[in-house]
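These are my notebook entries on a structure I went through element by element. I kept each entry to what I looked up and what I found.

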Amino acid sequence: MTQYFELVCPSRPENVGLCRVAVATFAANIGFTLSEIEEIKVAVSEAVSNVVVHAYPATEGLIELGCREIEAGIAITVRDEGVGIQDVALARQASFSTDPERMGLGFVFMESFSDDFHVESAPGKGTRIEMRKRREAPAEGA
Amino acid sequence: MLEEAGKPVQIAIKRQGRTATARLAGEFDLTAAPLVREQLDGLIDAGMQRIVIDLRGVRFLDSSGLGVLLGRYRRLSERGGSIYLVTAAEGSVRTVLEMSGVRQVMPLLASESEVPRA
């Protein structure tokens, strides 16, 4: 059976770290390098922070985190049933943010630190983000 | 790795004249952002003109932490002040800082001794 885990938790700021460390531990167990894991942590932190800050701005909802090993590496999904994104293309632009205390770099980091990145969202129906990252090929003779 | 989850950020502040140094340690993310924002805003409100933020003890930084840094830069620059960031030469914190472009407005220094004299 393929290795995987799922984690569902309330959209509280303290759970950003929980999700980040859970994925980092999973990635370490399936052979990612430390530098790859650092990138994965940033991508997961951005995705989960977006759920806490933007998906449920006035109430508490659920963060649904999924992680599974794929042939080339890891696939991570972050899903919510919050307010959704009005304009995904606009939200993916660098420096776009509805919050003046944020830099609008969340999607930039998610895209930069993953090899494949996909967003599905609809206003009022929530958002699903999938990020895939390939493992570095092991060095010859390793 | 699991023992690091939820470890609160730590911040130590030293003041000398109108210069303050804030040394941060831990994970600078959405959870840590309110505390760091409050502490740095306190320095700005107290009239500090130069704030050195030492990030060498920070193990993790994302856009929530960056937003706090940039927001403080905006507040202090409106009052004619400056922020300097001290960071390790490599690692994920450095990578995030470089990618964000913050060095265009806040110098990235290797140590506090590189901060220009007032």
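Which residue in E2(B) is the bridge partner of B:Arg15? I looked it up and found B:Ala20. I note at the outset that I am working on a predicted model.

**Entry 1, the sheet of chain B.**

I placed B:Ser111 in the segment that comes after strand E5 (108-109) of chain B. Its side chain makes a polar contact with the side chain of B:Ser113, at 2.7 Å. When I left aside the neighbours within four places in sequence, I found B:Ser111 in contact with B:Arg56 and B:Val86. I placed B:Leu30 in the loop between E2 and helix H1 (33-45) of chain B, and I count B:Leu30 as buried because its relative accessible area is 13%, under the 20% cut-off. B:Leu30 and B:Val96 are 66 residues apart in sequence, and their C-alpha atoms are 15 Å apart in space.

I checked the length of helix H2 of chain B, residues 63-78, against expectation: its 16 residues should span 22 Å at 1.5 Å a residue, and the end C-alpha atoms are 22 Å apart, so the two agree. At the start of H2(B), I found a side-chain oxygen of B:Asp62 reaching to within 3.0 Å of the backbone nitrogen of B:Ser64. After H2(B) comes B:Gly80, with a positive phi near 80 degrees. I also listed the buried residues of H2(B), among them B:Ser63, B:Leu66, B:Val68, B:Arg72 and B:Leu76.

Which strand order does the open sheet of five strands in chain A have? I read the order as E1-E2-E3-E5-E4, with antiparallel pairing. The edge strands of chain A, each pairing on one side only, are strand E1 (4-10) and strand E4 (116-122). Neighbouring strands of this sheet are turned against each other by 10 degrees on average, with direction ignored. Within the sheet I looked at strand E2 (residues 62-70) and strand E3 (residues 73-80) of chain A, which run antiparallel and are joined by seven bridges. In this pair of strands, A:Leu65 stands opposite A:Val78 of E3(A).

Helix H2 of chain A, residues 34-55, lies across E2, E3 and strand E5 (126-134) of chain A, and runs at about 10 degrees to E3(A). Of the 22 residues of H2(A), 16 are buried, which leaves the helix mostly covered. H2(A) reaches 30 Å from its first C-alpha to its last, close to the 32 Å expected at 1.5 Å a residue.

I found A:Phe26 in helix H1 of chain A, and I count A:Phe26 as buried because its relative accessible area is 7%. Leaving aside neighbours within four places in sequence, I find A:Phe26 in contact with several residues, including A:Tyr4, A:Phe5, A:Cys67 and A:Ile74. A:Phe26 and A:Cys67 are 41 residues apart in sequence, while their C-alpha atoms are 8.0 Å apart in space.

I count A:Cys19 as buried because its relative accessibility is 0%. A:Cys67 is likewise in no disulfide, with the nearest cysteine sulfur, that of A:Cys19, 11 Å away. At 3% relative accessibility, A:Cys67 counts as buried.

Key
Residues numbered from 1 in each chain as written. Chains lettered and ligands numbered in written order. Predicted model: local features only at pLDDT ≥ 70, side-chain atom pairs only at ≥ 80, totals over all residues. Heavy atoms only, no water. Pairing = 2+ DSSP bridges. Helix = DSSP H or I, 4+ residues; strand = E, 2+ residues; numbered from the N terminus. Axes fitted to C-alpha atoms, helices over the stretch in contact; angles between N-to-C directions. Contact = heavy atoms within 4.5 Å. Buried < 20%, exposed > 50% of the residue type's maximum accessible area, 1.4 Å probe, protein only. Disulfide = S-S within 2.5 Å. Expected span 1.5 Å × (residues − 1). Polar contact = N/O pair within 3.5 Å; in protein donor to acceptor, adjacent residues only side chain to side chain.
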